Amino acid sequence: MRARTAAVAAVLVAALAPAVASAAAPRVVTIADPSANRAPSQSFTAGCADMSQSVDSNQACDSVAIPDFNAARAAEGVKNLVLPDDFDSLSVPAQLLAITDLERVDRGLPPVPGLSSRLNGLAQQGANAGQDPPFPNPFDGTSARSNWADGNSVLYAAYRWMYDDGAGSGNSECVQGTEDGCWGHRHTILDSYDAPMVMGAAFAAGSGGSITEEIVGGDSTDAVDQTPTWATISGTLSYGVSPDHVSLSTDVGTSKTATVTATSAGGSGHLEVGFESGAPTWSVSPNECDLVDNGSCTFVLTFAPSARGHVPGVLTVSDGTTVRTAALSGAGFTPQVALVVTTGSVVKGHALTIHGVVTANPTNDELAHRKVALQRKPAGGSWKTIGSDVSSGRGKVGYRLFPTHTAKYRLEVIGTGGSVQAKSAAAKVRVA
């Protein structure tokens, strides 16, 4: 990150791990900084850090990036991120313009109108060199700032600039949390620039990728001469649906719910909600909504399996022109329990340990907090419950006994109302 004002001639540049640069600058940002960093999730990093620039790769990155953006934005009271309809097919400079302006306009700041070919050229110099781009010389603006990040993903770079740039992040200008460089990359995006504003952005593919942007305020020389402009990009914004994938699992005969939110990117309209597949095991309420300008609608999804197995589906949200979807993954299961005894024979009065594990059939996930009864059947007798426990977070239960007679043992998973949901195989233990 580099910054400049009309009164500042020198620029300080320092390394910022992972390979991002930062510098001090007078702060003229009116938007509050986050109270703490929010590091990208593991799925976000894995899905975007080493991606290619193909449309498919961009789409895969979107699916893991947007939940992180939305969580970070929600913490600041900012609405969900809605990307332009054609975001994944835009060039990197256009994507940088789009995400920069979305972070600005969703906080009530004016957008940067567009890109300048001269500033794009300077940004390209920085990207090629793996560092912040140079500013115009002579400098004809009132202020300017720039960002640089390694990698191939615009969303990954923008997230680190916006939400993981304070004390405790990789920002080397913010070691103590008190320097002007704290949240400096974020300030580049959210600065209160004088009009006219113009932006340069670039990408270099070598050495793992290199992404740069710079914004100049009060620019009397550079003009917006590249397409698409923000006006064009914003024209493709309609509404977004988040999350775009919902996964639920529950016992057969029960139900589990999740919420899906449709967020306006500007404008209003009537939304109809339904299923391309998955109904009636999947249901939604309400099934329509009047979406107001910059508002949102929340829909409750319910997964209620009547049989064991996987039930995929696709939720559809339509305004009559644009259709958004969310992939649904459901698993209906029944509990199963396995019994393990430490030995098949024991001396009278000595300790016997019995273990059990409660899992889901067919997913094999551990089932926590399930009531498990231990039963014993002596020779010539009937099954009787001699103890009960609740399975741990890993589905495990354990019993320690001191048997005096040969008997068989088994475990039963007890459901609501005392019904037996599953029984283990029996194991015989001889007592000598």
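# Pocket, disulfides and core

Modeller: About 580 Å³ of space is found in the largest pocket. You are looking at a predicted model, where local features need pLDDT of at least 70 and side-chain atom pairs count only at pLDDT 80 or more, while totals for chains, interfaces and linings use all residues. Residues are numbered from 1 along each chain as its sequence is written, and side-chain values use heavy atoms, leaving out hydrogens and water.

Colleague: What makes a space a pocket or a cavity, and what is its volume?

Modeller: Both are searched for on a 1 Å grid over the protein atoms alone: in a cavity a 1.4 Å probe fits but cannot get out, whereas a pocket is an open set of points with protein on both sides within 12 Å along at least five of seven lines. Points are joined across faces, edges and corners, and the volume is the space filled by probe spheres set on them.

Colleague: Which residues lie nearest the centre of the largest pocket?

Modeller: They are Asp 62, Ile 66, Leu 83, Asp 244 and Arg 324, from a lining of 27 residues. A residue counts as lining when it has an atom within 4 Å of a point.

Colleague: Which element gives the most to that lining?

Modeller: Helix α2 does, with six residues. Strands β7 (239-242), β9 (256-264) and β15 (323-341) also supply at least two residues each. These names come from DSSP runs numbered from the N terminus: helices are H or I runs of at least four residues, and strands are E runs of at least two.

Colleague: How many lining residues are nonpolar, polar and charged?

Modeller: There are twelve nonpolar, nine polar and six charged residues. Ala, Val, Leu, Ile, Met, Phe, Trp, Tyr, Cys and Pro count as nonpolar, Asp, Glu, Lys and Arg as charged, and the others, including Gly, as polar.

Colleague: Why is the link of Cys 48 and Cys 61 called a disulfide?

Modeller: The label needs a pair of cysteine sulfur atoms within 2.5 Å. For Cys 48 and Cys 61 the S to S distance is 2.1 Å, so the pair qualifies.

Colleague: How many disulfides does a search of the whole structure find?

Modeller: It finds three. Cys 174 is joined to Cys 182 at 2.0 Å, and the sulfur atoms of Cys 289 and Cys 297 are 1.7 Å apart. If you count the bonded cysteines along the chain, the pattern is 1-2, 3-4, 5-6.

Colleague: Why is the disulfide of Cys 174 and Cys 182 called right-handed?

Modeller: The torsion about its S-S bond is about 100 degrees, so it is right-handed. For Cys 289 and Cys 297 the value is -50 degrees, and that link is left-handed.

Colleague: How do you know whether Cys 289 counts as buried or exposed?

Modeller: Buried means under 20% relative accessible area, exposed means over 50%, and partly exposed is in between (1.4 Å probe, protein chains only). Cys 289 has 16% relative accessibility, so it is buried. Cys 297, at 5%, is therefore buried too.

Colleague: And why is His 245 put in its class?

Modeller: Its relative accessibility is 44%, so His 245 is partly exposed. His 245 sits in strand β8 (residues 245-251).

Colleague: What makes Asn 364 exposed?

Modeller: Asn 364 reaches 53% relative accessibility, so it passes the limit for exposed. Asn 364 lies in the loop between β17 and β18, and has a positive phi of about 65 degrees although it is not a glycine.

Colleague: How do you know how the span of helix α3 compares with the expected one?

Modeller: The expected span is 1.5 Å times one less than the number of residues. Helix α3 (residues 92-105) has 14 residues and reaches 20 Å from first C-alpha to last, close to the 20 Å expected. Of those 14 residues, 13 are buried.

Colleague: What makes a set of residues a nonpolar core?

Modeller: Its members are buried Ala, Val, Leu, Ile, Met, Phe, Trp, Tyr and Cys residues joined through side-chain atoms within 4.5 Å. The largest such core here has 47 residues, and those with the most contacts inside it include Phe 69, Leu 96 and Met 199. Helix α5 gives the most to this core, with nine residues. In soluble globular proteins, nonpolar side chains tend to be buried together.
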